[in-house]
Every structure is written in structure tokens, then in C-alpha cells.
Amino acid sequence: MVARKFQVRHNDADFVVDYDTDDGFETLKFQLFSLTSVVPDDQKIISVDENRVLSDDSDLISVAERLRLVSVNDEVNEQPQPQSSSHIAGNDAASIMTDEELARILQAEEEALMLQQHFAGGSTEDFEKQIWPYIDKVRMYEDPVYQQAARKTAPVDELEEKALVALAKEGNFEPSKVEQDHAFLLQLLFWFKKSFRWVNAPPCDVCGSETIHQGMGSPDDSESQYGASRVELYRCKICPRITRFPRYNDPLKLLETRRGRCGEWANCFTFYCRAFGYESRLILDFGDHVWTECFSQLLGRWMHLDPCEGVYDKPLLYEKGWKKKLNYAIAISKDGVCDVTKRYTRKWHEVLPRRNIITEPALSSLLATITQECRRGISSQALSELDKRDQMEREALERDLHSTDDASISLPGRQSGDKEWRKSRLELGSDSLSSSSCPVRKCIDEHVTRVYNAFCPVLSQFVKEENPKIKAIKALEFLKKILMDLKNTPFKMRKASIDSASNTIQAIVHQLLPSFAELLIALSLKSKADPDGRVDICLAGDPVKTSLGLPVVLDALDDMIQNLKKIDNFVEDSLSLPLLKLNRIHSGFVRASGEELPVGIATSAFDGTRNFKWEEPNGAKGCWIMYEVADDKMHELVAYELMSANDVPERDPRDWVVEGSNDGRSSWHLLDKQTSQMFEDRFQRRTFKITPVGLQFNVFRFRFLAVRDVKENSRLQLGSIDLYAKGS
């Protein structure tokens, strides 16, 4: 066997094909079919350097690596015709598919099925050979020892906390077990995305420098032991060292290496899902991608999850976002195999002509046979439940096939992998998952207002002290350390201690503890004093409320300490904005012109933390966000604060107006206008006072007119927005 890497050009696209010469010329043609949709019988493969057509008799060991693929039905390389916006949008061009459109699509599907009978030239055996290795792979996930090893490598307490906090931010403080499981799965996906590493070319094993691909090597015994059937070789650009990149298939080994490409990513993530008890399956895309599906008890159906992209429940990601030409998407689990291609397309009439390996009846029969083999030995009751679920899935796939999807959702192009590699695969697109029509969302932010208000007795107490500024800064810095210690402990048993005898600062904090009582209550904490003077701070109630409040108070302490340092004379008159943030409006409803999904949503602007932000993908030249007060309560707005986000200063707002409405948004009153504003730092809070107008409003709207750089950037982002009302 000789491993080759061919550079294949077809039309205007370039593809890299890894190939083992022992597999035969026909396998190479099927690999090219999966990438280009040119069926094997229509392929003419030309060696560019030798200017000759390759055939079954060609020596694929010695042939040059540059190849060109043309179709025998199209000897001239035609440029692909530009698609109209309506063609690209597919079913998105209209919110409802007309009877005429549906009839035309059904007719196209019928014609494609008829043609398939004549052109499907592959054998059932060849198709089956591609499936069984993956069945063997997913069976490894069931090993209890493997599963225990996987669970030990995941930060379970942290993921559980994040899942519960995410539910709390939606107002769900008492989630069911099913809701918790669903939320945990999403956090597992986000964590895996950050903890696993994509490999374009591995760094040098010796000096860590960049490397260049040098071909393929044979696996040694230690590599073969973990299922590495092929090894990529890379030469260091600095030293002469050759770095080996074994393509491991054993999920236990991947827990250790934590790197790879889509095959390793999907393999390891699906394994994690099984280790945590989720019904999971690998999705094998014959167009060279792999991802995961898990059965969501909350949704009552299988849910798409792509660990490489960190995207979930967006099955049209590939067809609509990547512009991928799908042919076969086969779901593989311990309980059998299933053709789920219809879940991932709304252009079945276009997909059908590309399904040229075997006929549809032959495929259905083959998958049913394999599934029957996988389910051998299962109890009759379990078998009945699986059959019932299969039938429900088949009905859902048929029902959804011709449905229209949400045109306001913009699905991104491929994000994983080197840009040039993605470009060669024609998988580039927009760089984010976003919505141009976000729904009304409820702000769960009363805890933010309570935290801000709770600093009033603390700062008021310091004002009365001798050298108040120095003492306040040192005491607040110590309080921040205590709360950081709390944050870094397991969320269900948080605890920290203050010893009054340790040093002067701790003694001051101990002395002022009564003034911190309101702050502890806001964080669902309490203090317990020992006879020897030690004070323990621990949970007083729901640990999720503490988890929700700690990031808010830590960020608030940072701002407070910074503001105190800027004050020359800390006196009672200092107890106002921006140092003290009283009468913050909370618990309203938010809507916006657009938002980034899933973490850049509109309510992120009102969560009181630096961890999240509101991001408007098309907001650079104009966008808006609207806040409607709960229960239609009227407020006179006296000030507001904006905080810059974590990165990309070019997205900061520069020009904006603030307006209020008190008649159901029929008319708007100008409250403030700002132009040419600049945020000098990341996470910088800026306070803007409102000139009194003597009017109260229950809806407030920010219209952002331009960002810092409107030429090179299409987005607007904000770390936070806080609205302050006139005190009673």
C-alpha cells in the first residue's frame, strides 16, 4: 500500500484527496464523486503534468499528484452560472410554498427517481462496506470503562452550573429533569468546542514551529493499537524534524490527544454524549463530513449537533450555510442505521440526482437489514419502542421535507479549518449564526438591580470613616477576593471565611459586615460568626441564584474600585452615578432589529455582566434595541450607562439617539442624542445623564446610527445597557 495525496481541480474548485493505492481506481472515482457530484461513469481524470487520461490500468503510485477532473458529458470546463437570490434562498424566498411550486418540486423528484434507476451503478456491498466500520466505532462507546474515563475528563460540576444558570436566565428556576438534561447537553457541546483542538497542520513535536505536509506514512504498532489506519507526515519549517499525525479512531485515545479534524471531533463528542447517557448517533455525510445527533426528550425528536462548529438544532447549516451539495447522510448508532438526508435538505429534488451509488429501494432494504442485525438480542418491548420511534421519525422527515424554514435566520459558512482549505471546498459563507428578526424576550435581571442597590449601605458606611477612600478601596478589593474564592468552589457548597485577627483589612471588613448584609441577601448568601471571631460566608438558599449573582457583583466591584480611584474627595455627594447605581429599571421586555445566536441575544445587553454581549450582525450603519417596562409602569429616565464589549473596538457604537414612548409606541420623544463617541477600553462603562423633560415613559428605544468603523465592519456590539429612573 502507498498513501497518496492528490490535488484535484474541477471547474474552479480545488480538492485535496487522500488515497491508498491498494483501494483501486474505482475507489478514487467514488471519492471524487462525493466531492464533486460527478458520477464515476461520467468522470475523465487527467494527469495535468503528464497530459494523459488515467484509467483502471494506470500506475497510481507513480502518477503526478496534480489531477484535473472533467465530465464526459461536458468536455469543456463551463463556468458555473451565478445563482439568483431566489434560487439561493430556496424555500426562504417566500414564507409559504405555493401549490404550484410544490407540484413542480414533486415532479422533479419523480423524474430524478426514474433517472436513478438507470444511473445508480454502485453495488450494495460497496455501500455496506462504508457503513460497518462506523458501526464498530459506535459500539466502542458502550464500554463502561471507556464511559467512566470520559466522564472523569469533563468538568461536570461546571457544566451543570452553567446549564442551570442558562435556564434561570430564561426565568426557569425550577427546571424538570428533562429540561436540565437538555441544557446540560448544550453546555457539553460548548465546552467540547473550546476544549478540543482543530488540526490543520500539527506543530513540530520538537520546537513547536509550523510544519508542512510531506505525504503519508504507515502507522506503527502503537498507532495501530488505537485505530490509526493512516498517518500524515509533516516537516518542520525550522528544524528538520518530521512530526507524525496519526488519525486515531479509538475514542479513548482521543480523550488523551483532544485534537483532530471533523472525524475525530464527531467521534469523540458522540462518545461523550453516550458517556453522559444521551441516546446518540454519528451522522456520516458521504460528502466528507461527520457530526452528531442526540435524541432530545425535551423536543421529542433527534437533534442535530455539530461539535466542530458549536452549532445545534440547525440541520440546514450545510445546505443553506455551507452551500454543500448533499447526497447521503446516514445516522449510525448501536441500535441501527437510518437515512436522515431529508432532515438536512429542503432541496430533495436537487439531492436525488446526486444519489447515484445505489437505488432508493436498494438503500432502504440494505439499511433495514443492517438495523435488524444491530438489534438482534434486544427484548421485544424495547424493539417495539424503537420501531415506533423509527416510524415517527420517518413521518417527520417526510412532513418537514417541503416545509419552509425561517428566512430571518442566517446560517454561517463553515468556520472550522484553515480558510484556504474551506475555500477549496466551496464551504465559505457568512461568519455567524444570526437572526434579523429576534423575538420579544423577558429580562431576568432583578438580581442585577438588587446587587447595585445593596452597595448603598456599604459605601455610605465607608464615607463616615477616617480616610474613607483608602479604606473603601482596600476593603472592596478584599471583598472581591473573598467572592472570587466563593466563585471558584463547587456551586452547590460554596463557602469562604474571614478571620478578624489576620490583618487590618480583614478586621475592617469584619467590623463593617452588618453593612454587607443586603449584598449577601442579594447573592443568596449568609454569614455565620464563630466565638473566636472567624466569620464563614456560605449559601443561604438556591445555589443557582448565587451563581447568577456572583459575576454581576464581581464586575460591579471592579467598576466601583476604578471609580473610587478617580475620585479626589470621597464624600457623601459622591454617592451617585457612576459610583453608586440606584433605581436601575429591571424585569422588562426586550426586542431588537437583530441578534447573534445563541449567545449574542438582545437580553445579554441587560444581564449586568461582562460575560455576554448583544451583537447585531448588520448593525454598523443602523440598528435598534427597545426596552419595554414590565406591567406598563411609567418611569422618568434620568441616566443610562453603556459598556463596550470584550473585543473588536470597530463595532462600538459611535452615534445614537435615545427615545421614550408612553402611548404604545405610536410616538417617540427624544431624550438624548450622542455623536462621535469613543470607548477607549474594553468593558468601559460610560454614564450619560438625561436632561429632565418632566415626562414618564414605559418604553425606551436606542437607535444606533453608526459604529466606530462602518467601512470595514458590518456589526454593532454592546457589553451592557443600564437604565436608571428618577427616585421616588
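Guide: E615 has a relative accessible area of 7%. That is under 20%, so E615 counts as buried. This is a predicted model. The side chain of E615 meets that of R651 in a salt bridge, 2.8 Å from N to O. R651 is buried too, at 15% relative accessible area.

Side chains of opposite charge can pair when their charged atoms come close. The structure holds 58 salt bridges. Take R441 and E595, whose closest N and O atoms are 2.5 Å apart. R441 lies in strand 19 (residues 441–442) and E595 in strand 24 (residues 595–596), so their pairing ties together parts 154 residues apart in sequence. R441 is partly exposed, with a relative accessible area of 22%. E595 is buried, at 1%.

Now look at E596, in strand 24. Its side chain forms a salt bridge with R715, 2.8 Å from N to O. R715 lies in the loop between strand 31 (699–707) and strand 32 (716–718), so this pair ties together parts 119 residues apart in sequence. Both R715 and E596 are buried.

Some salt bridges share partners and form one network. Its members include D445, K480, D555, R610, E641 and D722.

Technical notes
Residues numbered from 1 in each chain as written. Predicted model: local features only at pLDDT ≥ 70, side-chain atom pairs only at ≥ 80, totals over all residues. Heavy atoms only, no water. Salt bridge = Lys/Arg side-chain N within 4 Å of Asp/Glu carboxyl O. Helix = DSSP H or I, 4+ residues; strand = E, 2+ residues; numbered from the N terminus. Buried < 20%, exposed > 50% of the residue type's maximum accessible area, 1.4 Å probe, protein only.
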